[in-house]
Amino acid sequence: MARTRSPDFEEKRAFIRDRCAHLFAAKGYANTSLGDIAEECDMVKSAVYHYHKSKEAMLMAIVLGHIEDVRVGTEKALAKGTTPQERFEILVSTLIDIYTRFREQQTVLNNDRNFLSRQSKRKVHTAEKKLIDMTAEVISQVNPRLKNAAEVRNVVTMLFFGMVNWTYTWYRSDGPIKPADLAALISQICLGGIRSTDPALVEGNRPEAAPASTIEVEQP
């Protein structure tokens with residue numbers, strides 16, 4: 001007979017997920033055993049499995065849960081913005097705030113996602129694409145020339161994420177530069193670059209040269 005769910009089932013499930021994030025971030029997914037997880041949570045192994053059916057399920061809960069938290073938090077924050085610059089600044093400050101507060105989850109997302117099954121990776125990709133598309137839209141508002149240059153816009157978007165997604169590897173929020181200051185620096189650097197991006201720099205977006213027959217040449 002299946003065990004009945006207790007009233008605090010979701011609370012305990014979230015607790016295990018958070019403790020797993022701590023362990024995976026510190027030791028790596030591959031180096032963390034179920035025994036380590038049970039000890040960290042002060043539970044027996046069978047109790048851990050009651051809340052998450054496998055070690056991979058725990059990893060998936062961390063990765064997918066974190067992506068969704070980032071997306072939902074960003075979506076809500078962006079609703080407060082009016083101008084393109086304001087929305088971009090809100091985007092950056094929200095991402096830096098979340099990445100700073102959930103450093104362990106971000107570490108697991110970037111370091112251990114490859115241990116997920118193919119099916120789970122597809123779900124992660126789908127969830128990430130929603131966040132990426134949202135960001136690309138904000139970027140195209142900052143530079144309208146990118147609206148009709150999808151490939152260039154996508155590259156600019158991924159360059160942006162390349163800057164903010166890896167701050168967890170070096171940034172310390174207890175250092176001389178606070179999260180709000182870091183977000184302001186990133187916004188300043190990126191806004192200037194995005195606004196000046198010319199899609200025509202990429203060959204596929206350059207205006208085609210006029211056919212030779214239509215080019216007028218002055219006669220000597």
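Modeller: Start with α6, which is mostly covered: seven of its ten residues are buried. This is a predicted model, so please read every value below as computed from it. The buried residues of α6 are Q105, Q106, T107, V108, L109, N110 and D112. They pack against α1 (9-27), α4, α5 and α7.

N165 sits in the loop between α8 and α9. Is N165 buried or exposed? N165 counts as buried because its relative accessibility is 17%, and the cut-off for buried is under 20%.

What does Y171 touch, once neighbours within four places in sequence are set aside? Its contacts are T100, R103, I177, K178, P179 and L182. Take T100 from that list. T100 and Y171 are 71 residues apart along the chain, yet their C-alpha atoms are separated by 8.5 Å.

L182 takes us on to the next helix. L182 is one of the buried residues of α9, along with A183, I186, S187, C190, L191 and I194. An α-helix has 3.6 residues a turn, so residues three or four places apart point the same way. The cover over the buried residues of α9 includes α5, α7 and α8. As for length, α9 has 18 residues and reaches 26 Å from its first C-alpha to its last. That is close to the 26 Å expected at 1.5 Å a residue.

Now go to α7, which is among the helices that α6 packs against. Helix α7 covers residues 118-142, which makes 25 residues. From first C-alpha to last, α7 reaches 36 Å, close to the 36 Å expected at 1.5 Å a residue. The buried residues of α7 are S120, V124, A127, E128, L131, M134, T135, A136, V138, I139, S140 and V142. What covers them? The cover includes α4 (55-78), α5 (84-101), α6 (103-112), α8 (150-164) and α9 (179-196).

R71 is found in helix α4. R71 touches K130, L131 and M134, not counting residues up to four places away in sequence. L131 and M134 are among the buried residues of α7. R71 itself is buried, with a relative accessible area of 14%.

D42 is in the loop between α2 (34-41) and α3 (45-51). D42 counts as exposed, at 74% relative accessibility. The phi of D42 is near 60 degrees, a positive value in a residue other than glycine. Most residues other than glycine have a negative phi. Then there is D8, in the segment before α1. D8 is partly exposed, with a relative accessible area of 27%. D8 and H125 are 117 residues apart in sequence and 30 Å apart in space, C-alpha to C-alpha.

Finally, step back to the whole chain. The protein chain has nine helices and zero strands. Its C-alpha atoms fill a box of roughly 95 × 40 × 30 Å, taken along the principal axes. The radius of gyration is 23 Å, whereas a compact globule of 220 residues would have one near 17 Å. Of the 220 residues, 39% count as buried. Among contacts with a separation of 6 or more, residues 24 or more positions apart account for 70%. The chain exposes about 13200 Å², and carbon and sulfur atoms supply 53% of that area. It carries 30 positive and 28 negative side chains. The centres of those two sets lie 6 Å apart.

How values were computed. Residues numbered from 1 in each chain as written. Predicted model: local features only at pLDDT ≥ 70, side-chain atom pairs only at ≥ 80, totals over all residues. Heavy atoms only, no water. Helix = DSSP H or I, 4+ residues; strand = E, 2+ residues; numbered from the N terminus. Expected span 1.5 Å × (residues − 1). Buried < 20%, exposed > 50% of the residue type's maximum accessible area, 1.4 Å probe, protein only. Contact = heavy atoms within 4.5 Å. Rg over C-alpha atoms; globule rule 2.2 N^0.38 Å. Areas by Shrake-Rupley, 256 points an atom, 1.4 Å probe, with all protein chains shown as cover. Lys, Arg positive; Asp, Glu negative; His and termini not counted. Charge placed at Lys NZ, Arg CZ, Asp CG, Glu CD.
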